[in-house]
Amino acid sequence: MDAERLQFHEMGLDDRLLKAVADLGWAQPTLIQEKAIPLALEGKDLLARARTGSGKTAAYAVPVIQRILVSKQSVREQDVRALILVPTKELGQQVQAMMRQLTAYCSRDVRVADISGKADLSAQRPILMEKPDVVVGTPSRVLAHLNAQNLTLHSSLETLVVDEADLLFSFGFEADLKSLLCHLPKIYQSFLMSATLTEDVQALKELLLHNPVILKLQGSQLPDSAQLQQYSLKCEEEDKFLLIYTLLKLRLVQGKTLVFVGTVDRCYRLKLFLEQFAIPACVLNSELPVHSRCHIITQFNQGFYDYIIATDELSLADPTATSQTTAGKGKKKTAAKGGRAKDKEYGVSRGVDFQNVANVINFDFPATVESYIHRVGRTARADNPGTALSFISHAEITLLSEVEDALKGDNSDCVLKPYEFKMEEIEGFRYRCRDAMRSVTKQAVKEARLKEIKQELLNSEKLKTYFEDNPRDLQLLRHDKDLHPAVIKPHLKNVPEYLIPDALKGVINPLSSKRKRRRAKTKQGGVVRTGFKKNAPGNNPLKSFRSVGGKHRKGKTSQS
Ligand code: AMP
């Protein structure tokens with residue numbers, strides 16, 4: 001604990017809030033909380049730039065709750081007092097969850113409603129009619145309710161929070177946001193939270209904030225190399241598949257892993273490919289219904305899955321785009337092509353709190369520096385270590401240089417180091433990979449995509465009411481099942497001993513029992529590094545394998 005740091009109990013917070021904070025196991029405020037909470041409680045408007053995972057939700061949630069608790073001591077009338085605008089449904093759900101945790105001991109006094117997630121306006125009407133103290137929603141959804149007169153804010157609103165403000169703009173919420181402001185009273189306190197201070201955010205600052213305090217807490221948007229190890233590995237298309245198969249099957253990648261790809265199609269291509277080797281993975285993309293997406297993230301956080309294959313929001317700008325596209329920074333989203341509904345309020349790499357992610361793998365390199373930072377920011381959150389590994393094809397080298405330049409500019413520590421890996425050592429696997437790739441035809445990908453959406457729609461809609469009544473059964477619903485079992489060749493499931501590179505023999509046993517593996521996983525996460533370096537005869541190969549993530553704190557189950 002940092003003795004210099006202002007502690008929660010020194011901030012003049014209500015006991016019920018302090019109790020909730022203690023239950024969350026937060027020993028002390030994060031830097032942003034230490035700075036923002038006292039200023040907010042003084043009534044200041046704030047513009048805060050803070051690295052993702054820095055605890056910025058609570059930095060505004062705590063003062064919002066405290067203010068409501070204070071107001072309620074004098075005015076008992078029930079009204080909407082705080083509005084929290086978020087760019088995505090996932091973030092809305094997360095903010096609501098955080099608010100619920102913080103209001104665990106004052107849930108009667110501070111009622112929170114998240115209206116970002118549900119599709120039907122009329123279904124949400126009764127919730128808003130009860131005038132929850134805090135409303136969380138996307139600008140378009142909130143505006144729709146204001147226009148429908150399901151919600152009024154002009155007399156009661158005390159606090160406005162705009163979270164992930166920069167993303168609100170890149171998601172095209174600008175017009176909605178502006179119209180929405182006309183429904184607000186003349187005086188209210190505002191907090192603007194943003195990972196980057198873009199021109200759009202500066203403009204919003206002028207519009208919203210009065211004499212704000214600006215908190216630019218971290219120079220770097222990513223943790224330093226002591227906490228986050230970043231690697232890159234040059235490899236072309238076929239090698240990417242060969243590599244991911246080897247890394248996952250030989251368990252060179254340990255712990256929960258997010259694999260980012262450039263397009264929705266590639267999500268399924270990779271999933272079907274891994275299916276061939278009996279490596280289960282979930283797919284997360286904008287086509288899936290919101291309930292499924294949120295459920296996948298919740299289950300991933302609870303430890304149901306090791307791997308998620310995800311697209312990030314840039315792939316929504318152009319669904320046919322691959323990672324090779326050079327979408328410019330701040331590129332606005334256009335309507336989805338191809339007929340299939342994509343959810344414009346989808347966001348995986350941004351804001352969403354994936355917990356205990358040991359590794360982020362950029363199977364396809366992101367199209368912008370921002371996207372790199374947000375993807376990689378899913379690991380090494382709060383004080384936890386993490387590893388990011390990017391596969392770089394020839395066409396992606398320019399993008400890599402852009403990222404390296406940007407990170408160097410921020411902090412000279414933060415550069416991608418080459419991941420030392422001898423591709424020739426895994427040549428023996430190439431034949432199997434080609435074999436598997438042959439089964440992953442365009443048609444198979446198309447079918448898998450359709451099948452998954454159908455399956456998930458069924459999960460999401462038909463079973464929604466059932467699961468509301470039987471929440472325990474929700475645990476039984478898995479999202480990482482095989483999509484195309486017919487094309488699986490059983491022999492690919494196993495790794496014959498003769499194919500395991502010499503350097504790995506005796507170190508890694510891909511055929512070891514599940515239980516053993518699980519135990520190993522809890523001990524360490526990360527990408528095994530310096531693999532395939534030649535071992536001097538007689539040397540213990542373990543000595544040449546160092547797990548980057550070996551520093552994971554013991555006994556820590558949830559991260560931030
Ligand atoms: P955020 O940046 O708001 O997405 O928060 C990232 C994670 O940090 C969440 O999982 C929070 O539960 C966690 N967190 C927030 N404040 C603290 C704190 N003071 N101490 C430890 N973890 C925290």
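In which sense do strands β10 and β12 pair, and over how many bridges? Select β10 (residues 256–260) together with β12: they pair in the parallel sense, over four bridges. Two strands count as paired if DSSP finds at least two bridges between them.

A quick word before you click on. This is a predicted model, where local features need pLDDT of at least 70 and side-chain atom pairs count only at pLDDT 80 or more, while totals for chains, interfaces and linings use all residues. Residues are numbered from 1 along each chain as its sequence is written, and side-chain values use heavy atoms, with hydrogens and water left out.

**Stop 1: the whole chain**

Zoom out. The protein chain has 18 helices and 17 strands. Helices (H or I, at least four residues) and strands (E, at least two) are DSSP runs, numbered from the N terminus. Of the 560 residues, 57% are buried. Here, buried means under 20% relative accessible area, exposed means over 50%, and partly exposed is in between (1.4 Å probe, protein chains only).

**Stop 2: strand β12**

Now select residues 307–310, which form β12. Tyr307 and Ile309 point one way, Ile308 and Ala310 point the other way, and all are buried.

Next, bring in β11 (residues 282–284), which runs parallel to β12 and is joined to it by three bridges.

**Stop 3**

Which strands make up the open sheet, and in what order? There are seven, with parallel pairing, in the order β11-β12-β10-β13-β14-β8-β15. β11 and β15 (417–418) stand at the edges with a single partner strand each, so one side of each has no neighbour in the sheet.

**Stop 4: the helices on the sheet**

Select helix α11 (residues 264–276). α11 lies across β10, β11 and β12, and runs at about 150 degrees to β12. Then show α12, which packs on the sheet and touches β10, β11, β12 and β13 (357–362); its direction makes about 130 degrees with that of β11. Touching is a matter of contact, meaning heavy atoms within 4.5 Å. For the angles, axes are lines fitted to C-alpha atoms, for helices over the stretch in contact, and values run from 0 to 180 degrees between N-to-C directions.

**Stop 5: salt bridges**

The structure holds 26 salt bridges. Each one is a side-chain nitrogen of Lys or Arg within 4 Å of a carboxyl oxygen of Asp or Glu.

- Show Asp306 and Arg251, whose closest N and O atoms are 3.7 Å apart. Asp306 is in the loop between α12 and β12, and Arg251 is in the loop between α10 (237–249) and β9 (253–254), 55 residues apart. Arg251 is buried, at 14% relative accessibility.
- Show Arg449 and Asp265, which meet at 2.5 Å, N to O. Arg449 belongs to helix α17 (residues 442–469) and Asp265 to α11, 184 residues apart. Is Asp265 buried or partly exposed? Asp265 is partly exposed, with a relative accessible area of 35%, whereas Arg449 counts as buried at 13%.
- Show Asp364 and Arg266, with the closest N and O atoms 2.6 Å apart. Asp364 lies in the loop between β13 and α14 (369–376) and Arg266 in α11, so the pair ties together parts that are 98 residues apart in sequence. Asp364 is buried at 1% relative accessibility, and Arg266 is buried at 14%.

For a network of salt bridges, select Arg67, Lys72, Arg81, Asp133 and Glu158.

**Last stop: helix α2**

Finally, select residues 31–41, helix α2; its buried residues are Ile32, Gln33, Glu34, Ala36, Ile37, Leu39 and Ala40. What covers them? The cover includes β1 (46–49), α3 (56–74), β6 (189–194) and β7 (213–216). Just after α2, click on Gly43, which takes a positive phi of about 100 degrees.
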